[in-house]
Amino acid sequence: MSLEEEENAAELKIGDEFLKAKCLMNSEVSLILEHKYEQIQQMSDDPSNQVSQVFEKSLQYVKRFSRYKNPDAVRQVREILSRYQLAEFELCVLGNLCPETVEEAIAMVPSIKNRGRMLDEEAIEKMLNDLSLIKKFE
Amino acid sequence: MFFHIVLERNMQLHPRHFGRDLREKLVSKLMKDVEGTCSGRHGFIVAITGIESVGKGLIRDGTGFVTFPVKYQCVVFRPFKGEILEAVVTMVNKMGFFAEAGPVQIFVSNHLIPDDMEFQSGDVPNYTTSDGSVKIQKESEVRLKIIGTRVDATEIFCIGTIKDDFLGVISDPGANA
Amino acid sequence: MSIEPFNRLVKLAARAFYDDITTKGDNQPKSGRSDNRGIAVVILDALTRRQWVREEDLAKDLKLHTKQLRRTLRFFEEEKLITRDHRKEGAKGAKVYNAAVAATVDVLQNGKEGDDKIKMHTHSYCCLDYSQIFDVVRYRLHRMKKKLRDELDNKNTVQEYICPNCGKRYTALDALRLVSPEDEYFHCESCNGELVAESDKLSSQGTVDGDDKDRRRRREKLEDMLHRMEAQLKPLMDQLNRVKDLPAPEFGSLQAWEVRANAVARGANGDNANDPSKSGQGFGGTPMPFVGETKVEVAFSGLEEKGDIKSEISATPMKVLPPWMIKEGMNLTKEQRGEVKQESNMEGTSAAAGSSDDKKSIETEDVKNIKDEYVKAYYEALFKRQREQEEATKSLQEPSTTDGVDNTSTERHVGMKSKREEEDEGEDIEWEEAPPAGDNTTGNFKVDLNVLADASGDDNDEEDDIDWEEG
């Protein structure tokens, strides 16, 4: 009996529209929003008046929770994670939370374990290592 | 989670705006209209990042207004049930605590806070473990899992839990001070 | 289409959910001897063999105390499994009911009913509500699963709060509206009372301290529960799927049912097809209104064996054939052709022509008698389709096919009054077109005839003759 499919990000049930959409890591959003904020600054004396509360809160948030500040590093993170057959959503959760162990990664993104993608622990381990390397050399 | 998606909107423009800068007028009106809004389906529209296309205008009968279908790219924030994210604690009380992740507010009720954390009232109400090693108070950063969302036309509210593996405090401001 | 799948559903649900229901009050000790668990299943099973039943009779049949039975029935009523009806009645009302019972439920079962001494008494009746049972069981399964899943997914479900003053309930999702600037509690929106958290149900069972081991153990327990539920209730779920698209048997209100059942009985009385049905069908009372349609289909699809058809259809006249058919048919007969009409049909069969076509004519007249919109529509659709088929296979078929086309058009007036000869021709071709055409099909029609008209054994013989002629 499958009535309505309930939303559950842990199983990657986020609706087709968002599943196919491009996800953004906090670091990426931070780059986008800061760029936009600068533009507004150039045009107006009082930029904080020009942006919505949603914009401001989001900007504060992504600045606070960006793991990677350097645009090149951000690009590299996406590049590395893209090698692992991850869904956009999974990729971004990993990029945002930067789990340190395989166990933690699976707890954060349970769907990577049960989609039959041959993502064994070794592969996940390697992925996490690569991520931490970027952080180190940022 | 933040997404970069394409949305469409029919923009009505008064004929007096028709001219060389019609497109700019459209875009600035679009930004004013949609940025900062929230819909249950797409979440919070944080920022418009580009215009994909402006369709042919349609003159409305009687008014002279012209409707342009505009496709635009934007950054949205949409929380999902089951999603794990980081948030900043904004208020702590006996019933639990409130936190913010960007534009969305999340409530974590006290029964979804680990049982070894006790509420301490006072100037800075907080939840603390018996040995005092972990503390949740205003401005703490926590990693939580969303377990429920209340979505209506213009608001999204979430409830979350920190009572699971790898969830909980990631930094508390008191410790750094 | 029968009641059987639904009865199976009831039986499975009874065993799944009601096998440990006891009708004892909670204060009474459940000693081994007076423990009547399982009686709920027995009662539900008994109800699947009946339609509307007087509760005293049911008690008698089951050798139960009426009070005890009533307690269980009240429970079933609350569970929305049965509908009940209570009415004051004297001898007359009881007779109506008894007659109805005699017409529907196996007479053996209720043989002694007439003996009841009846004054003006309030009698209670009950009856399974199949369509509601279907919904109830489905909903119950859904809730069970959802509850377990939620518990598993979230570890804990959404916290609920209740206002001790006014009883208003909230959930954690309302938190934002409930916070108060003055203190650290949530406050009721309507009376400003201090809300208290409701302890969650499943998760608070067992140990309260949530250390890791306990949680893991609880989780395992939940998973196990979910798996067991899915395994053990699989037959029930399968059965739900099976009956999903079937129309649920519907007996209607007690009154309507009695009227209908009695009318059917009257109609079926002259029909010797009555008897085999009893042995054939057993207790399984087939519901009336909808199988009426089936019957029509049966007549046309052409079943294999005469005998088969006979039993199948003979089951229908008594229980299945809706009284409105008979009643209306009779009325129309009077209006149109006079009372003898049905008999004249039969005569027509033997006399009108020495060909098989006659049966057809009879049949159409039956349609006329019935004047049932549905049947007409069905005929038309069928003829149309057959015409299409004819056209499709024109090259293969004899010139008669084209005749068929012509005649079908006249045929379609059959529902109205048309001359028999025309009909005969039209249907003759129809006849040949009928997919499994042959003697058997003829027999099929004949049996159908018996049902509708007052066919007797003699008629059967005659028709048999005709069958042979046709072959």
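The questions and answers below concern a predicted model.

Residues are numbered from 1 along each chain as its sequence is written, while chains are lettered from A and ligands numbered from 1 in the order in which they are written. As the model is predicted, local features need pLDDT of at least 70 and side-chain atom pairs count only at pLDDT 80 or more, whereas totals for chains, interfaces and linings use all residues.

Reader: Which element of chain A has the highest mean pLDDT?
Author: pLDDT is the predictor's confidence in each residue, from 0 to 100. Chain A has a mean of 87, with 91% of its residues at 70 or more. Among its elements, helix H3 (residues 47-50) has the lowest mean, 70, and the highest, 96, belongs to strand E1 (residues 22-24) of chain A.

Reader: In what order do the elements of chain A run?
Author: Helices (H or I, at least four residues) and strands (E, at least two) are DSSP runs, numbered from the N terminus. Chain A has eight helices and one strand. From the N terminus on, the order is α-β-α-α-α-α-α-α-α.

Reader: How far apart are the end C-alpha atoms of helix H8 of chain A?
Author: The expected span of a helix is 1.5 Å times one less than its number of residues. H8(A) covers residues 121-137, so its 17 residues should span 24 Å. The distance in the model agrees with this: 25 Å.

Reader: Within what arc do the buried residues of H8(A) fall?
Author: A residue is buried if 20 or more other C-beta atoms lie within 10 Å of its own, exposed if 12 or fewer, and partly exposed in between, with C-beta atoms placed from the backbone. In H8(A), Ile124(A), Met127(A), Leu131(A) and Ile134(A) are buried. They line one face of the helix, because the directions from the helix axis to their C-beta atoms fall within an arc of 80 degrees.

Reader: Which helices are among what covers the buried residues of H8(A)?
Author: The face of H8(A) turned away from the buried side carries exposed residues, including Glu121(A), Asn129(A) and Lys136(A). The cover over the buried residues includes two helices of chain A, H5 (71-81) and H7 (102-108).

Reader: What percentage of the contacts in chain C with a separation of 6 or more joins residues 24 or more positions apart?
Author: Two residues are in contact if their C-beta atoms, placed from the backbone, lie within 7 Å. Chain C has 21 helices and six strands, and 36% of its 471 residues count as buried. For the contacts asked about, the share is 76%.

Reader: How many bridges join strand E1 of chain B to strand E5 of chain B?
Author: Two strands pair if DSSP finds at least two bridges between them. E5(B) (residues 66-77) is joined to E3(B) (residues 43-54) by eight bridges and to E4(B) (residues 58-59) by two. E1(B) (residues 2-13) runs antiparallel to E5(B), with Glu8(B) opposite Lys71(B), and the number of bridges joining E1(B) to E5(B) is twelve.
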